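Got your viewer open and a selection tool ready? Take a look at the sequence and structure below, and then we'll walk through it stop by stop.

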Amino acid sequence: MRDLWRDIKGTLEPFWVTLSYIFKKPVTIQYPEQKRTPYSRYRARIVLTRDPDGGERCVACYLCSAACPVDCISMQAAEDENGRRYAAWFRINFSRCIFCGLCAEACPTMAIQMTPDYEICNRDLLNLVHEKEDLLIDDGGKDNEYNFYRHAGIGVVNPRGGNEDETEPEDVKSLLP
Amino acid sequence: MVTLTIDNQSITVPKGTTVLDAAEKLGIVVPHFCYHEALGAVGACRLCAVYIETEQSKGVQMSCLVEAAEGMVVNTLEPTAVELRQHVIEWLMTNHPHDCPVCDEGGECQLQDMTIAGGQSIRRYRGKKRTYSNQELGPFIEQEMNRCIQCYRCVRTYRDYFGGTDFGVMGSRNRVFFGRFEPGRLESPFSGNLADVCPTGVFTDKTYRFKSRYWDLQEAESICPHCSLGCATIPGGRYRELQRVRSGTSKEVNGHFICDRGRFGYGYVNHPDRLRVPRINGEECDRHEALAAINDKIEKLGGEAVGFLGSSRTALETNAMIKSWAEQSGSKSVCFECHPQRDNAARSWVALRGDRGRSLADIRRSDFILLLGSDPLNEAPMLAAAIRQAESSGSQVAVIDARPVKLPFKAAHLVVRPEKLSTIIRALKSGAFDNFERHEQLFFEGVLKSIKKAERPILVGGGDLLQAEGVAALCELMAQLPEAGGDFVHLSGPNSYGAAMLSGAAPDFETILDDIITGKIRALVCVESDPFADYPDRKRLQEALSKLEFLVVADYINGPAAAKADIFLPTAAPAESAGTYINCEGRMQRFKPVLKPGEPLRITGDGGHPPRRFSHETPGDQPRSAAEFIANLVGQPVTINDLRQQIAADDDRFSGLDQPEQGMLCRANGELPTTVNREDVPGKGDDLLHLLPVADLFGSGPLLSYCSALDAVRSAPCVVLSESDAASIGVANGENVSLQTAEGKLAVEVRIDAKALPGLVLIPQTGADAFLPGGVMIPCSIRKNGARDE
Ligand code: SF4
Ligand code: SF4
Ligand code: SF4
Ligand code: SF4
Ligand code: FES
């Protein structure tokens, strides 16, 4: 007997649930005519940002490529005439990327950042292989203050010993105590 | 032997072992910076703190300074010791820059590792950081002094171990500075070791600057191909490019270090002109086509009409393949060194050395070393380092040589004509010095006295100057040494010893050339050997080889022979293949492939990114190891391990070759070559001088001229003159002169050396087409530039 009641309830309840939604506002939107704004921490298309002085932030340290679980980042570091280390080329293969965000987390210079731009599907896989020109934006992304070279000791933006947290280079031939 | 307990495990170690070493034997790593196995302990960094529970030295102690004692109980995890280590790291990091992302040491940095291991991941110090200005130290080493943690390893390596004088420590209190006293190129030929020993990123390899991270490198254990010592190296590469070489560890050979020739001489593997596709008459073709053409031609000519030439830079396995290929085709003309004098010197060393050959480790422990015709810094650099270790622990060193041998330590030095060396060695044996001048007699008497006094004397010879006769004399003299003494002769190539063992009493290249001239031999197969570059008498070679009908060259460098070859096969460089070299003391040492053959991305991508298309092909992947080519030719494909087994089984002198242990010594000896009489001393004309080609640190050896990293340090063509010769020609140091030999005229710079012998002109081998050391002297004359030619 108890089973019978259970079956009736089980048959009617779903209808009730369905009916009750008829009077609610639909959540489905008509993509692509209609688009939704994702949260700013949404993890999609990756960009390379610039520091507040307009320089490329990426120093080609290979940390993002080491952190990447699917090995989709590759690059070659180089040095310019001021001693600045930068990426001669930098490539992300978005057909392999799983948008886990580990690269952005590993990046010591805030260069590589995730953006909410999720519309990067393409029929040709090669179009998903982005080079540095495709990745580089003219902005600091989530942080417009930080410039790694103003903290590193190698003297690229400021002369050696000229950063805020450094003293002037020592005179090693001085005999003063 | 003492037994102590570390972290509840007991271990017995020889007396004198430090607690740090004893712990390491148990697999317990005590963090440390300044201690280094080769350099010893100084207690500078204070990181290796452990807690000692027993009475003798109770409390927190530096484990690198405390000797293990009987019954000692050590706790490495005691809280105060752990805390001290953490604070040490913290204070070392107070001035450390925020540099890891742009630091080449990152990923293989001991400071990074220790910081993480110490658990000190937050910087509490908010003060300003000390900075330094850097120095420009030449083409090999980059300095970034801000990263220094004052462990003193660099000075201890550069000055104490290698005897360099231009580098040291300056400054006081917390601003000590490690660098050259004046900016400029580091003078020591061992400067590259700074990059290996510095536990931080102060000194890094400039040729590898920003190329890769350690974790991206493909590395493998290897053996240096640049001289006969066979130092252990670890080359590393990425994107089909060999990017650096660091030192491997081999207790018996190089210890922990290598020389700059071995470290920075890797460019030949990446050379842009390297030929990577087989060619027939200069036209690129398929590998199988080329192999078939070789077989056809050899069959047509008949085996007796074909000469086979291996080389002393070719792996033992390949040379053995060449030998069996020659046998199979019915040829008796097979030889493994195209420089006849070097070949004979190597064969005579292999045949006569007896069983008291000594290793570099023995030399480091020796108490008297006599150098006979050996210029270690230019011929076998790490030998100089080994002798210096002996010298700095009290050994005496004496040098008898034709060159003003420069050494990084004090040595008694006698300069004699090169052809007199054998006579001198025989005189040392007999003790009869009547035919010598007074100062020479005194020198020899001193040498004999020192030998008598010494317990472990070692005679060190150089194959190039001694030649077969001198080497034989040296082996005889050795028999008179005390039981613990021995001898050591360095040869020319990394596998000269192996080549000499395989040659036995077979004819040398001179005989092959004779046969080519008489038309008996009509085809020549050169495997990783280039007589156009490595045979001393260019004229005779031209004459002979122009008679050849068919020349096959298989090589990994694009030398002069490659351009003349009818068929060219691109072989894999040592870094791209596996093999065995036998070093000059008979040690069989294996090298493993680091990379697969392929054209570096830097070249194919023109410095830019990899191609934007998918492909299954690797550009330039056609080279194969020479052994593999020959295996295909003779129709019995074998793996390198089969090959080793076969060689070991066929010839019991090589037993152990197939065993995986590194560095077994070959058993027994080779045979003496069939001697060929040649004129050793050229005739003396009126104003005729004798030209003696000698080895040069960055110029000698068939591979070095293909290494672009060395371009900046290669010396300009020059001749070394004695003061009296210079005066009679009327030239001053640094002036340009023209050197006239039978081969033509050459403009060279003059260097006057107070120790040089009158009548003898030394010409260092500075490039690919310079005069070759190791042969006979050449009559020459020198004219001041501008002087009228008669
Ligand atoms: S981690 Fe950042 S700085 Fe380093 S290579 Fe990647 S993007 Fe560039
Ligand atoms: S020396 Fe080590 S800790 Fe210092 S910047 Fe370089 S990698 Fe980082
Ligand atoms: S430069 Fe390197 S090796 Fe020398 S003291 Fe500093 S950290 Fe140590
Ligand atoms: S001493 Fe010889 S084998 Fe050793 S690294 Fe130097 S060149 Fe190579
Ligand atoms: S390793 Fe012991 S004090 Fe540095």
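What follows is a short tour of a predicted model, with something to select at each stop.

**Stop 1: where the chains meet.** Colour chains A and B separately and look at their contacts: 29 residues of chain B are in contact with 33 residues of chain A. On the chain B side, strand β6 (residues 129–131) gives the most, with 3 residues. By class, the chain B side divides into 8 nonpolar, 10 polar and 11 charged residues. Zoom in on Glu166(A), and you'll find Lys129(B) standing opposite.

**Stop 2: ligand 3.** Pick ligand 3 and show its surroundings, a shell of 14 residues. Which residues are closest? They are Cys148(B), Cys151(B), Cys154(B), Cys198(B) and Val202(B). Sort that shell by class and you get 11 nonpolar, 2 polar and 1 charged.

**Stop 3: ligand 4.** Hop over to ligand 4, which is surrounded by 14 residues. Here the closest are Cys224(B), Cys227(B), Cys231(B), Cys259(B) and Gly262(B). Highlight α6 (260–264) and α12 (381–392) of chain B too, as these are the elements that give two or more residues to the shell. The shell around ligand 4 has 9 nonpolar, 4 polar and 1 charged residues.

Stop 4: Select residues 438–453 of chain B, which make up helix α14. Next, show the side chains of Phe443(B), Phe444(B), Val447(B) and Ile451(B), the buried residues of α14(B). Look down the helix axis: these buried residues fall within an arc of 95°, so they line one face of α14(B). What do they pack against? Select β19 (368–372), β20 (396–401), β21 (412–415), α13 (421–430) and β22 (457–462) of chain B to see their partners. Then turn to the other side of α14(B), where Arg438(B), His439(B), Lys449(B), Lys452(B) and Lys453(B) are exposed.

**Stop 5: an enclosed strand.** Finish with residues 760–764 of chain B, strand β34. Since 5 of its 5 residues are buried, β34(B) is largely enclosed by the rest of the structure. Leu760(B), Leu762(B) and Pro764(B) point one way, while Val761(B) and Ile763(B) point the other way. Bring in strand β30 (residues 689–694) of chain B, which runs parallel to β34(B) and is joined to it by 5 bridges. Opposite Leu760(B) stands His690(B).

Conventions. Residues are numbered from 1 along each chain as its sequence is written. Chains are lettered from A and ligands numbered from 1 in the order in which they are written. This is a predicted model: local features need pLDDT of at least 70, side-chain atom pairs count only at pLDDT 80 or more; totals for chains, interfaces and linings use all residues. Helices (H or I, at least four residues) and strands (E, at least two) are DSSP runs, numbered from the N terminus. The expected span of a helix is 1.5 Å times one less than its number of residues. A residue is buried if 20 or more other C-beta atoms lie within 10 Å of its own, exposed if 12 or fewer, and partly exposed in between; C-beta atoms are placed from the backbone. The arc is that of the directions from the helix axis to the C-beta atoms. Two residues are in contact if their C-beta atoms, placed from the backbone, lie within 7 Å. A residue is near a molecule or strand if its C-beta atom, placed from the backbone, lies within 6 Å of it. Ala, Val, Leu, Ile, Met, Phe, Trp, Tyr, Cys and Pro count as nonpolar, Asp, Glu, Lys and Arg as charged, and the others, Gly among them, as polar. Two strands pair if DSSP finds at least two bridges between them.
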